[in-house]
Amino acid sequence: MNIRILSLMCFVLLGFSACKKFEDFQTDPNRTTQATPDLVFSSVQQQAFNRISVGAAMASRQLVNVESVSSEQYYNWLRGSFNDYGNLRQVYKMNQEAERLGKTSYLPLAVFFKCWYLYDLTLTFGDIPYSEALQGDNQQFQPKYDTQQAVFLQMLNELDQANAMIAKDMEPVSGDLIYGGDLQQWKKAINTFTLKVLMTLSAKVNDPSLNVAARFAKIVNDPATYPVFTDNSDNLSLPYYDIVNNRYPYYNNNGIQTANYMEKTFVDLLKGLKDPRLFRYAAPARALVNQYGAEDFRAYEGVLGSAPNNENAAQVVTGRVSNINSRYYNNPTNEPALGLGFSELQFLLAEAAVRGWIAGNAVAFYQAGIQASLAFAKVPETDINTYLAQESLQQLTPGNEIKEIVTQKYIASFMLPSWNAFYEQRRTGFPIFDVSGGAVLNNGKVPKRWMYPEDELRNNADNLAAAVSRQYPEGDHINGVMWLLQ
C-alpha cells in the first residue's frame, strides 16, 4: 500500500513539473531580480572613484618600478579596455530602477555618471560608441562609433540638463557614500565637472558648435543657477574605512612598498620649489635621512623613469633613493580617493582667466588651488603659509602662466584616482615627461592614446575600421593624434 501511494505521489509531482517552462527553473524564488536604486548607486560610486593606480603615476613620471619592466613607465602599452561600458550598464540599471519606483532624485545622478565614464573612454581612445551603445537592455552588439566632437557636444548638453534636473526641494537619495544624499552637493559636482570637460576642449575654443569659452563663462558667472565647489568640504571624494573590502587599495601591498620608488624629475621639481608635499608623498632615502633629517629636502632623491630597470635597481640598493611614503601601504584609510576637488577647480579658473574666458584674478585662483591641495595632503598650516609666501608663488610669469598653473595641478595629482596628470600633459605639453634615460620604448616617444580593444576587432570590425580610418590615417596605434588634440 505504501509503495502504491509513493508511486502516485511521484506521478503527481512529475505532472506538475512538466507544466513548468524551462526558464521558470532559472529564477531563484529566494533571490530578488531587481535592485533598488540606492544599492546600485553605492556600487556605481565605488566603481567610478576607487581607481588609484601606480601605473598612472609611472606614466606621469611620478613613480618608478625597479623590479620589473612596466609598460606604463616605458611607454610601450598597446590596447585599452571597454570595461567601462560594463559600468555604464550599472548606471543604466540605477536609472531604470529609479524610474520604476518613481525615485526621480536618482535620474540626474545617472546622467552625471554616464558622462563621467564616457569622458574617460573618449580621452582613452578618441571616437567611441555612444548613441547606439547606450540603449539599456536592448544594447546593440555592433554599435557605430560617434565622433569625438559629437561625444563631447552630447556630454555638455546632458550635463547641463542634469544640473537643471536638480531642484532645491528634491528628495535626498540613499546609498550615497560621498555626500550623504545631498543633491545640492551633487549639483556642485556636476557643474565643476562640466568646467573640467570644457577646459579639456581648450584646443577647440574656436569651434562654434561647442562654444567652449561662452559655456565656461556662463557657469562661472551664474552661481545661483550653476553652483560649483567653494572649498575642500565639497570635494567629490570616496572615503576609505578600516573594514574588509573598504580599505585604501594599496594597504598592505608589498609591491608598492618594495618595488615603487620616486621618480627623479618629480622629486627634483618638488625640491626646487621647496614644496612640503614632498614629505607627504615620499619617504626619505635611508642612506640620507640620518645625515639630513626627514624634513630636509636633501634627504630625498629619485631615479629616472626612463632609465634602464637594472640601473635604477642598482641605485636603490645604495639606499639613496626615496620610497613612496609609508602611509600609502601602512594606513588602511590613508586619504580619500579624490575624483574631483576644489583644488582642481581653482586651477581651471586660473587657466580660464589667463585664456580670457572669464574675468577674475588668475593669481588668486592659482594660489587658492595650491592651498587647497596642500590642505588635502594634510600639510601643516604653518608650512602651507611658508610655501605660499615664496615670491615665485606670488605671481604668474608672463608667457608661462599656463605652464605654471598646470605644473601645480600636476603636483597636486599624485596618487589620485585618474590619469588626469597624463591627459593634462598631453593637452598642454606641461610638464615635459623625461625620455632621456635610454630605455623608453615606442621610439622614445610619449604615447597619445590607447589602441582599441581586441574584442572590437572580432565583434565590431566594420564599425571599428570606419572609426580608425576617419581618425587615424596611419592606422590604430598609440601615437595617433585624436581630434581633441588637433
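Reader: Which residues does R51 touch, not counting residues up to four places away in sequence?

Author: The general idea of contact comes first: two residues are in contact when heavy atoms lie within 4.5 Å. In this structure, R51 touches D84, N87, Y117, D120, P417 and S418, leaving out residues up to four places away in sequence. The model is a predicted one: local features need pLDDT of at least 70, side-chain atom pairs count only at pLDDT 80 or more, and totals for chains, interfaces and linings use all residues. Residues are numbered from 1 along each chain as its sequence is written, and side-chain values use heavy atoms, with hydrogens and water left out.

Reader: Where does R51 lie?

Author: Helices (H or I, at least four residues) and strands (E, at least two) are DSSP runs, numbered from the N terminus. R51 lies in the loop between α2 (37-49) and α3. The C-alpha atoms of R51 and W419 are 9.6 Å apart in space, while the two residues are 368 apart in sequence.

Reader: Is R51 buried, partly exposed or exposed?

Author: A residue is buried under 20% relative accessible area, exposed over 50%, and partly exposed in between (1.4 Å probe, protein chains only). R51 counts as partly exposed because its relative accessibility is 28%. Of the 486 residues of the protein, 51% count as buried.

Reader: How many helices and strands does the protein have?

Author: The secondary structure comes to 22 helices and six strands. As for overall form, the radius of gyration is taken over C-alpha atoms, and the globule rule is 2.2 Å times the number of residues to the power 0.38. For 486 residues, a compact globule would come out near 23 Å; the protein has 26 Å, which agrees. Along the principal axes, the C-alpha atoms fill a box of roughly 95 × 55 × 50 Å.

Reader: Which residues touch the most other members in the largest nonpolar core?

Author: In soluble globular proteins, nonpolar side chains tend to be buried together. A nonpolar core is a set of buried Ala, Val, Leu, Ile, Met, Phe, Trp, Tyr and Cys residues joined through side-chain atoms within 4.5 Å. The largest core here has 138 residues, and F112, W186, F216, L236 and M415 touch the most other members. Helix α6 (residues 107-125) supplies the largest share of this core, with 14 residues. A second, separate core has six residues, including V64, V66, Y261 and V303.

Reader: What is W186 in contact with, leaving aside its neighbours within four places in sequence?

Author: Beyond those neighbours, the contacts of W186 are F41, Q45, L109, F112, F113, I166, D176, I178, Y179 and L236.

Reader: Why is helix α20 described as largely enclosed by the rest of the structure?

Author: Nine of the nine residues of α20 (residues 420-428) are buried, so this helix is largely enclosed by the rest of the structure. Among them are F422, Y423, E424, R426 and R427. The buried residues of α20 pack against α3 (54-59), α6, α8 (183-200), α16 (342-355) and α19 (401-412). Just after α20, G429 takes a positive phi of about 90°.

Reader: Which peptide bond is cis, with omega near -15°?

Author: The bond from F430 to P431 is cis. P431 belongs to the loop between α20 and α21 (454-459).

Reader: Which residue has a positive phi of about 55° although it is not a glycine?

Author: That residue is K274, found in the loop between α11 (264-272) and α12 (277-281). K274 counts as exposed because its relative accessibility is 52%. N334, also not a glycine, has a positive phi of about 40°. N334 sits in the loop between α15 (327-330) and β6 (337-340), and its relative accessible area of 9% makes N334 buried.

Reader: Is Y74 buried or exposed?

Author: Y74 is buried, since its relative accessible area is 2%. This residue lies in helix α4 (residues 71-74).

Reader: Where is E158 found?

Author: E158 is found in helix α7 (residues 148-165). At 9% relative accessibility, E158 counts as buried. Apart from neighbours within four places in sequence, E158 is in contact with V111, K114, C115 and Y130.
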